[in-house]
Amino acid sequence: MNEEKNELLQQEIRLLSYLEEDQIDLFRDEFMGLHPYDQSVFFDKVDSATRKRIFHYLSPEEVAEIFEANNFDDEDYQELLEEMEPSYAADMLSHMYADNAVDVLNELDKDQVVSYLSMMDEESAQEIKDLLHYEEYTAGSIMTTEYVAIPESSTVRSAMNILRKEAPGAETIYYLFVVNDDHFLTGVISLRDLIIADEDTLIRDIMNERVVSVLVSEDQEEVARMMKDYDFLALPVIDHRGYLLGIITVDDIIDVLDEEASDDYSKLAAVSDMDTFDRNPLQAAKKRLPWLLILLFLGMITANIIGVFEETLDQVALLAVFIPLIAGMAGNSGTQALAVAVRGIATGDIEEESKMKLLIREAGTGLITGIISGVVVVFLVYFWKGDILIGLLVGAAISSSILVATIAGSFIPLLIHRMKIDPAVASGPFITTINDIISILIYLGLATTFISGL
């Protein structure tokens, strides 16, 4: 592994040297020998002036391959395109697969999109326009129109001719989708089955009619789940009539999974979108501050509740020592239940009929862990402070708080999901703050009730 890294480092040094010395042929020979991903890594590391020089050495089609490798952050696309001549950028975009070009254009202003489309060839521009109008995060927004469709009435021989003609411009040819005369999806055939079939056999006789497809309006997370469940390399996209509009390939789904995972993790961490390491402090602060201010106001509610029980705390000051312990235990148990619920919703493991089972199971888990934790705390407080009554109070508060927090941690994301809102917004910090409020109410409420015995 170290040898490989050293080789890549030496290669980068040589490439930079070729660029500085204007040795175009040497640069092209070495750079074009790299995998497109390694090209994109190098391209991302160099500064703007160096990239502009690279544009003079590479054709728009070659740069399109670098963009296809997609090692760039979404917010970098505008800067990268502005480093190119407008006509060069438009030509580069037209050489990308339409769905990937749409991903890039979605990061630009509308005026820029219109400008680039006006400079493209008519066919490429139309393909991109057809995809741009689909709602973001749906099957339509991630599908490609570069696929091979075979008429069901054709023979294997004619289908092979179609394949040879269409394959160079298709994203994948491992699955060939079969359509009728009106272009409605009727079946699918694998490349293997096509190759081994007799040349005079009709496609409709060997195709698989049990084809799995998705509607163009389907959410991309659901599409990703289907691709995972069925182990497909490609999935056809249709409209409500069954008309074949495009396909979604596995590489696009990998990007979706990565995007959704980052998005959910951001929400669970109460960050509006995941920080990148190259983001400056001001940008990072702008992303995090709104959530922190919201949590600050929720924290003020906790402070006010403690203020309500000020008289109780004045009478038995020792009670204040255990507030962080009780709030922390409740927050931790609530976050554990939250993680289970959010993961179950995200993977589709939690169906309508299993939601009640989840709540019952989490309630049972909260009850068991609460009782055990409460008993342990009773003995710890007794041996530490020598006060059995305080120990019983703290133990009862922890037991009750863990039970309530565990139920809340599983119930809140289910409720939010029922309201058609992403359950990841029921993030850890929110659950923790809510459980702080609940646990302190329970603890100080019990203490106020039994203050005479303390």
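Predicted model: local features only at pLDDT ≥ 70, side-chain atom pairs only at ≥ 80, totals over all residues.

Trainee: Which exposed residues does α4 carry on the face turned away from its buried side?

Mentor: In α4, residues 48-57, the buried residues are Thr50, Arg51, Ile54, Phe55 and Tyr57. Down the helix axis these fall within an arc of 155°, so they line one face of α4. The face turned away from that buried side carries the exposed residues Ala49 and His56.

Trainee: Which residues of α4 meet α3?

Mentor: On the α3 side, the residues involved are Phe42, Phe43 and Asp44. Arg51, Ile54 and Phe55 are also listed among the buried residues of α4. The residues of α4 that meet α3 are Arg51, Ile54 and Phe55.

Trainee: Turning to the sheet, which strands stand at its edges?

Mentor: The sheet is open, has 3 strands with mixed pairing, and runs in the order β4-β5-β6. Each edge strand has a single partner, so one side of each is left without a neighbour in the sheet. The edge strands are β4 (214-215) and β6 (244-249).

Trainee: What is the bridge partner of Val237 in β6?

Mentor: Strand β5, residues 234-238, runs antiparallel to β6, and 5 bridges join the two. For Val237 the partner in β6 is Gly246.

Trainee: Which residue in the turn between β5 and β6 has a positive phi?

Mentor: β5 and β6 form a hairpin with 5 residues between them. The phi in question is about 100°, and the residue is Gly242.

Trainee: Which helix packs on this sheet?

Mentor: The helix touches β4, β5 and β6, and its direction makes about 140° with that of β5. It covers residues 220-230 and is α15.

Trainee: How many of the residues of β6 are buried?

Mentor: β6 stands at an edge of the sheet, with a single partner strand. Even so, β6 is largely enclosed by the rest of the structure, because the buried residues number 5 of the 6.

Trainee: Finally, what percentage of the protein chain counts as buried?

Mentor: The chain comes to 22 helices and 6 strands. It exposes about 24500 Å², with carbon and sulfur atoms supplying 57% of that area. Of its 454 residues, the share that counts as buried is 43%.

How values were computed:
Residues numbered from 1 in each chain as written. Heavy atoms only, no water. Buried < 20%, exposed > 50% of the residue type's maximum accessible area, 1.4 Å probe, protein only. Helix = DSSP H or I, 4+ residues; strand = E, 2+ residues; numbered from the N terminus. Arc of directions from axis to C-beta. Areas by Shrake-Rupley, 256 points an atom, 1.4 Å probe, with all protein chains shown as cover. Pairing = 2+ DSSP bridges. Contact = heavy atoms within 4.5 Å. Axes fitted to C-alpha atoms, helices over the stretch in contact; angles between N-to-C directions.
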